[in-house]
Amino acid sequence: MSLINQGLDIARNPKHTRWISPFLLVVDASLCGLIIWKIPYTEIDWTTYMEHIEIYLKGERDYKKITGSTGPLVYPAAHVHIYHLLYKLTDHGRDIQLAQYIFGGVYLFTLAVVMHCYRAAKVPPYVFPLLILSKRLHSIFMLRLFNDCFVVLGFFLAIYSFQKNQWHLGSFFYTTGLNVKMSLLLPLPAIGILVLQALGSREAVTQAMIIIQVSVGYGYPFRKQAPSYFARAFELTREFLFQWTVNWRFVGEDVFLSKPFALGLLAIHAGLLVFFALTRWIKPAQRTPRDFLKLIRDEPRDQDDIAQRVTPGFIMTTMLTSMAIGMMCARSLHYQFYAYIAWTTPFLLWKAGFHPILQYGLWAAQEWAWNMYPSTPESSMTVVAVLAITVFGAWWGTRNEFDRVMANGKSPEHEHTE
């Protein structure tokens, strides 16, 4: 029985992640090398990215005139700067294997940051293996070389910076990721609520200015010469093709392409954001929704106490639920979007309070669905179902947070140490 108890302690006690995390990183590094060595690279967008960069290097700055074999340039300027560097490092994009090794390094660095975020949120060790087991996630990084890899890195660097109370740095990392791909607009509502509670209204304005100024800075060389930049790089009215959807194939093409379906998803998305904000995300302020709105105008006397309740775990939960809500209500998810989901759902399934077997079962169902190519009605239904269970499970599992605030103003999370 003592061995069983020891095993359970290792699996459940967050202090053991100190040595489990490095071990899993080493294991995954070996796996990454094996994948690059044994599994053929798949060309999807890399060649087009390089074609865009070649046109950019010839002096073209008008997004309408920068196009490649699979389509025009539709990503913000940080994407161009990153792939310009990769263009130089990989012999104009011809050295694919070197590019794969670079993306393998990006994957491992991102994984290390994700593990630090999980550790800061006191996640138990048994959850951590789920962070390295995804076949689809390895493919996105090392076999497809998608720009989403850098977006996810910026996202989790922002979360970790916020957890460490480095809000300026976190806003910079977030904005950098946003300026690679506008997918990072999804957690922006959560960031606004977090900043307001952690820093107060005046500093929240400062963070907003950082996001705006850094975005303008990245895009200035393009915006200066061609007014099409922001309209193309942050286009919110893109059309979606039914043949590539991973999440809504089960509704049929007619429904998928209809305007009521798009507007319905948008309404559900907005409604869920408001619902989570009112019932979960404003809890550190310990105010009614009406009184919470007053924080935008007035600096409260208990600002320091509110800030203490914005814990690393709360930051992680709030930002990841906002991301998961966005993914669940997205008009169309393509395979590379799993980069935003793969490291989000293990945390939220744990926060939901599900039994570990159920957590692993739901993760396995999700992984199966995302590895089904092409997607089927059954796999797409599974994608949406697991996201829905994750989102509403996390809402239910956090229902009692901050109900027992300690006398010193801290949440019970601060009672635990590694």
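Trainee: Leaving aside its neighbours within four places in sequence, which residues is Thr 345 in contact with?
Mentor: Please note that this is a predicted model. Beyond those neighbours within four places, Thr 345 is in contact with Gln 366 and Thr 390.

Trainee: Which side chains does the polar contact of 2.9 Å join?
Mentor: That polar contact is between the side chains of Thr 345 and Gln 366.

Trainee: And is Thr 345 buried or exposed?
Mentor: Thr 345 is buried, because its relative accessibility is 1% and the cut-off for buried is under 20%.

Trainee: Which helix does Thr 345 lie in?
Mentor: Thr 345 belongs to helix α18, which covers residues 345-351.

Trainee: Now the whole protein. How many helices and strands are there?
Mentor: The protein has 20 helices and two strands. Its radius of gyration is 22 Å, close to the 22 Å that the globule rule gives for 418 residues, so the protein is as compact as a globular protein of that length.

Trainee: What percentage of the residues count as buried?
Mentor: Of the 418 residues, 53% are buried. The accessible surface is about 18,900 Å², and carbon and sulfur atoms account for 63% of that area.

Trainee: What about contacts between residues at least 6 apart in sequence?
Mentor: Among those contacts, 78% join residues at least 24 apart.

Trainee: Last topic, charges. How far apart are the mean positions of the positive and negative ones?
Mentor: The mean positions of the 37 positive and 29 negative charges are 3 Å apart.

Methods
Residues are numbered from 1 along each chain as its sequence is written. This is a predicted model: local features need pLDDT of at least 70, side-chain atom pairs count only at pLDDT 80 or more; totals for chains, interfaces and linings use all residues. Side-chain values use heavy atoms; hydrogens and water are left out. Helices (H or I, at least four residues) and strands (E, at least two) are DSSP runs, numbered from the N terminus. The radius of gyration is taken over C-alpha atoms; the globule rule is 2.2 Å times the number of residues to the power 0.38. Buried means under 20% relative accessible area, exposed over 50%, partly exposed in between (1.4 Å probe, protein chains only). Contact means heavy atoms within 4.5 Å. Accessible areas come from the Shrake-Rupley method with a 1.4 Å probe; for residues, only the protein chains shown count as cover. Lys and Arg count as positive and Asp and Glu as negative; His and the chain ends are not counted. The place of a charge is taken as NZ of Lys, CZ of Arg, CG of Asp or CD of Glu. A polar contact is a pair of N or O atoms within 3.5 Å; within protein, one must be able to donate a hydrogen and the other to accept it, and residues adjacent in sequence count only if both atoms are side-chain atoms.
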